Amino acid sequence: MNQAVQTDEITLWQDHSGIPLRMIWRGRRWRVSDTPTEPEGFYWTTHLPPMQSWRFQATADDGGSLVFDIVERAGTWHVVHTYGDSD
């Protein structure tokens, strides 16, 4: 499995409790296709940084799927890692 490090800003839609549902990334629409979890290894200190994070698989309209690690900083969501075969 390939791993890519990203810093791309995304548009994210969430449910009423804040769980990711879908997003726009690099001009493509993605729908969350598994249960989002909080990724391990994002917090390297004893104090939590001022950010939210999620890991989930998402599937694009063309059927391609990737696993995404996303973080929110100061109200903006970013893709920080992808796992799988990306374009």
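**Figure 1. Thr76 lies in strand 6 (residues 76–83).** Strands (E, at least two residues) are DSSP runs, numbered from the N terminus. The model is predicted: local features require a pLDDT of at least 70 and side-chain atom pairs count only at pLDDT 80 or more, whereas totals for chains, interfaces and linings use all residues. Residues are numbered from 1 along each chain as its sequence is written, and side-chain values use heavy atoms, with hydrogens and water left out. Thr76 has a relative accessible area of 24% and is therefore partly exposed; with a 1.4 Å probe and protein chains only, buried means under 20%, exposed means over 50%, and partly exposed covers the values in between. Leaving aside residues up to four places away in sequence, Thr76 touches Glu9 and Val71, where contact means heavy atoms within 4.5 Å. The C-alpha atoms of Thr76 and Leu12 are separated by 9.1 Å, although the two residues are 64 residues apart along the chain.

Figure 2. With a relative accessible area of 18%, His78 is buried. When residues up to four places away in sequence are not counted, the contacts of His78 are Thr7, Asp8, Glu9, Ile10, Asp69, Ile70, Val71 and Arg73. One of these residues, Asp69, has its place in strand 5 and is buried, at a relative accessible area of 0%. The side chains of Asp69 and Arg55 are joined by a polar contact of 2.5 Å. A polar contact is a pair of N or O atoms within 3.5 Å; within protein, one must be able to donate a hydrogen and the other to accept it, and residues adjacent in sequence count only if both atoms are side-chain atoms.

**Figure 3. The aromatic cluster of Trp25, Trp30, Phe56 and Phe68.** Four aromatic pairs are found in a search of the whole structure. Trp25 and Phe68 form one that is edge-to-face, with 5.1 Å centre to centre and 85° between the planes. This pair links distant parts of the chain, since Trp25 is in strand 2 (residues 20–25) and Phe68 is in strand 5 (residues 65–73), 43 residues apart. Rings of Phe, Tyr and Trp (its six-membered ring) pair if their centres lie within 6.5 Å; planes under 30 degrees apart count as stacked, over 60 as edge-to-face and the rest as tilted. Trp25 is buried at 3% relative accessibility, and Phe68 is buried at 0%. The rings of Phe56 and Phe68 form a tilted pair, because their planes stand at 35°, with the centres 6.1 Å apart. Phe56 lies in strand 4 (residues 52–60) and Phe68 in strand 5, so this pair ties together parts twelve residues apart in sequence. Phe56 is likewise buried, at 2% relative accessibility.

**Figure 4. The largest nonpolar core.** A nonpolar core is a set of buried Ala, Val, Leu, Ile, Met, Phe, Trp, Tyr and Cys residues joined through side-chain atoms within 4.5 Å. Among the 15 residues of the largest core, those touching the most other members are Ile10, Met23, Trp25, Trp30, Phe56, Phe68 and Ile70. At least two residues of this core come from each of strand 1 (3–14), strand 2, strand 3, strand 4, strand 5 and strand 6. Strand 4 gives the most, with four residues. Apart from residues up to four places away in sequence, Ile10 touches Met23, Ile24, Trp25, Ile70, Trp77, His78 and Val79.

**Figure 5. The hairpin of strand 2 and strand 3.** Strand 2 and strand 3 (residues 28–32) run antiparallel and are joined by four bridges; two strands pair if DSSP finds at least two bridges between them. Two residues separate the strands of the hairpin. Arg22 stands opposite Arg31 in strand 3. The charged end of Arg22 sits over the ring of Trp13, 4.4 Å from its centre. A charge sits over a ring if NZ of Lys or CZ of Arg is within 6 Å of the ring centre and within 35 degrees of the ring normal.

**Figure 6. Positive phi values at Arg26 and Ala74.** Most residues other than glycine have a negative phi. Arg26 lies in the loop between strand 2 and strand 3, and its phi is near 55°. At 51% relative accessibility, Arg26 counts as exposed. Ala74 is placed in the loop between strand 5 and strand 6 and has a phi near 50°. Ala74 is exposed, at a relative accessible area of 81%.
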